[in-house]
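Please examine the model shown below. The questions that follow concern its sheet, its chains and one interface.

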Amino acid sequence: MTPKPAAPAIVFRDLTLGYDRHPAVHHITGTVARGELLAVVGPNGAGKSTLLKGIIGELKPLSGSISLDGLSRRDIAYLPQVIDIDRSFPISVFDCVAMGLWRRIGAWRGVSAGDAQDIVHALDTVGLVPLAGRKVGSLSGGQFQRMLFARLLLQDAAVILLDEPFRAVDTKTVADLLALIARWHHEGRTVLAALHDMDQVRAHFPKTLLLAREVVAWGSTKDVLTAANLATSRQLTEAFDAHATVCDRDEELEREVA
Amino acid sequence: MIDTLVQPFVEFAFMRRALVGCLAISLTAPPVGVFLVLRRMSLMGDAMGHAILPGAAIGYLLAGLSLAAMSLGGFAAGLAVALAAGLVARSTVLREDASLAGFYLVSLALGVMLVSVRGSNVDLLHVLFGTVLALNDAALLLIATIATVSLATLAVIYRPLVLECFDPQFLRSVSPLSSPTHLVFLVLVVLNLVAGFQALGTLMAVGIMLLPAITARFWAEDVSGMIGVAVGCAFAASLTGLLLSYHANVPAGPAVILSCGVFYLVSMLVGVRGGLIWGFVPRKHLEA
Amino acid sequence: MRYRVYASIGLALGILLGASGAGHASDKVKAVASFSVLGDMVKNVGGDRVEVTTLVGPNGDAHVFSPTPADAASLASADIFFVNGLGFEGWMERLENASGFKGTLVVASGGVMPIAMREAEGHHGDDAKDGAEQAEADDHDSYADEATDPHAWQNLFNGKIYVTNIRDALIATDPDGKAVYEANADKYLAAIDTEDKAVSAAIAKLPPERRRIITSHDAFGYFANAYGLEIIAPEGVSTESEASAQDVAKIIRQIRKEHIPAVFLENVTDRRLLDQIAAETGAKIGGVLYSDALSEADGPAPTYLDMFRHNVGTLTAALAS
């Protein structure tokens, strides 16, 4: 895999994302620099998944904007929390990973010998070559995650978003996948990962965004993950306020400026 | 023995035509059925079958037992329901199953009412039960054309369709083909039902689409395998059904579908993958 | 103000009641006939004294007819209800009960010698010998009884029996009209008689080996018996049953073996099967025969007698050549 040219930044401008007019994240402003390795952390309901969904385009902003400096949404590789995949579908590990080559082979081109080699190489990186012929339904949790990472590898994307990639996965797999993430960072790709294990974050992620429906702190991990910040993040409400009034923070801002 | 199997087709043109028609359907409907089953949309096939009937009925009301009118009407009705259901599912709180149920029920009730008000209910029964024994040249041509178009289309959308079933979110993230693929697939379902209803009637057309596909689950490991088994099963059932109708004096359409049913039950018992009987046979586990 | 509202409501009710009351003021006999052939007969006998409503209209199929609330309503206010009987109207009992009909039920085929249902291959009607026993068995209206052929009106002789029954029933209900009914009936019976002789003559003119046809609906048993025609049908007696490959094969074999010249469509069923049979055997499609229902008023068979004229004309045209 050749190192990519400079990956673009992601810019959030006063972004509000949510469901049914209730914001899951409020007024996010900030920049993700090129080639950054950023952990997105926060308590349950903080809006981490929502933010990632907003970046990939699954959710339209309720207000504000996200801009991806020159890159289209198709150039982002996204690993969601694994709910939508039909594990009983009769597809082999090899074929599933091969889908990662979509940008190259599209809907109709065949898999060439060179492509096949790349697929095997990806499987080898995650240690799944012996299982290549198995159906995905027979994989363990950890093996399944590895398979999805192999697919991500093949996508060769400039921006990679990972939503809770280590939930319910064995420690050996976690260690291997963290090494893979480090490699991506080394290759200059921009990586965002929503995580819940603070120790993991402190050990492997140089930058952190602490989210609790709004930005609590954003910067180097050391500065962000302080006891005070973590306490603040826990205080902010988890549930949607069913009787919320229309948010008037925008109007306040306008009044201040005026 | 061979004589019993072959003689009816040698002696009678209508048997040959029935066989050709059934074989064409067996080639095109089961692959679509496989995807319906894999996407857990099996009952949608049945719903679409009911949605088509009013369209065919309206076609009949306007132009009598005209192939063109009934096929067009059926196709239009099926498409309208499928598209409306898809649209509603994507833009309101309703999920796909609820929105489809809503539309096909309305369509069905409308069809029944229109026919009762305007026409005699006699020929509607023939629309329901089909006339595989009376396939004229036009009907055979229609079925053959639909089969060709359907197979070609399926070949083209195969990969996006598989991905759509397996991991739709991934497809959405790498390609704009997600919605079009879904739409084209629905069109294929409707087209095949229209072909099936010419041969077997609307009640049975769904049968030839789904039963072989369901049966294939007990034999094949992957999608292409399932398609192969489903097509083979449908061929065999067509042959069996027509021979039964000939030798045992039973209506042809239901005979074909009941043959499919028998294959299904047998497969459920002894199928290589998950047949019930293997639960009782002790087998050593593999090395790895 | 309020009393004005009450006044207008009262007025409206009064008008409505008055209008419906005016409806009942008519002194015509209200008759309901189950299907179009009977309806035509009742009109001929009843003339101006009777108002006839027909349930299964032109080109309708009484075998699969499903009564609507409107039908129940017509029946509820009727004085007399004419049905064919012999198991023709499977829905009759249900309708009677639903509508609360209090008038007279008249089975037009009373006194007719019924014949048994023919099998798909078309046997000759020797079964008519069982007539006397059959007549008792057929008094019930259950549609499940498929042993009797209900299409008795296809024999004009039976048609005369129908007319007589209708006349007597009308006289019983409306004794004042006795003279009218008898006059109408006499005229009609004479016309039927003439037609009866004409039909016999026309069929007799055909060479014997040409007096056989295939038709899709097994409704011509009585016609075949009375006038010397052989009928073979690919389906059973009702249009509800679906043909099996064996049935179709038998028909084709028979047509080929015995050189049956023509295949006739019938106005209430699917022509595609017959087209197929005709194509395979080279038999001619002879045209449309009217069996269970008359045609529309501007069609070829709008009355009972027209039906016979049309059918015979169609048959002889195809079979004579």
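Q: In what order do the strands of the open sheet of chain A lie?
A: The model is predicted: local features need pLDDT of at least 70 and side-chain atom pairs count only at pLDDT 80 or more, while totals for chains, interfaces and linings use all residues. Residues are numbered from 1 along each chain as its sequence is written, and chains are lettered from A and ligands numbered from 1 in the order in which they are written. Strands are DSSP E runs of at least two residues and helices are H or I runs of at least four, numbered from the N terminus. The open sheet has six strands with mixed pairing, in the order S5-S6-S7-S3-S8-S9 (chain A).

Q: Which are the edge strands of this sheet?
A: Two strands pair if DSSP finds at least two bridges between them. An edge strand pairs on one side only, and this holds for strand S5 (76-79) and strand S9 (215-220) of chain A.

Q: Which residue is the bridge partner of Val41(A) in S8(A)?
A: Strand S3 (residues 37-41) and strand S8 (residues 207-211) of chain A pair in the parallel sense over four bridges. In S8(A), Val41(A) has as its bridge partner Leu210(A).

Q: What angle does the direction of helix H1 of chain A make with that of S6(A)?
A: Axes are lines fitted to C-alpha atoms, for helices over the stretch in contact, and angles run from 0 to 180 degrees between N-to-C directions. Helix H1 (residues 48-56) of chain A packs on the sheet and touches S3, S5, strand S6 (159-163), strand S7 (190-194) and S8 of chain A. Its direction makes with that of S6(A) an angle of about 150°.

Q: What radius of gyration does chain B have, and why does it agree with a compact globule?
A: The radius is taken over C-alpha atoms, and the globule rule is 2.2 Å times the number of residues to the power 0.38. Because a compact globule of 288 residues would have a radius of gyration near 19 Å, there is agreement with the value for chain B, 20 Å.

Q: What percentage of the residues of chain B count as buried?
A: A residue is buried if 20 or more other C-beta atoms, placed from the backbone, lie within 10 Å of its own. Chain B has 11 helices and zero strands. Of its 288 residues, the buried part is 55%.

Q: How many residues of chain A are in contact with chain B?
A: Contact requires C-beta atoms, placed from the backbone, within 7 Å. On the side of chain B, helix H7 (137-166), helix H8 (168-174) and helix H10 (223-247) each give two or more residues. Chain B contributes 18 residues in contact, and the number from chain A is 16.

How values were computed. Two residues are in contact if their C-beta atoms, placed from the backbone, lie within 7 Å. A residue is buried if 20 or more other C-beta atoms lie within 10 Å of its own, exposed if 12 or fewer, and partly exposed in between; C-beta atoms are placed from the backbone.
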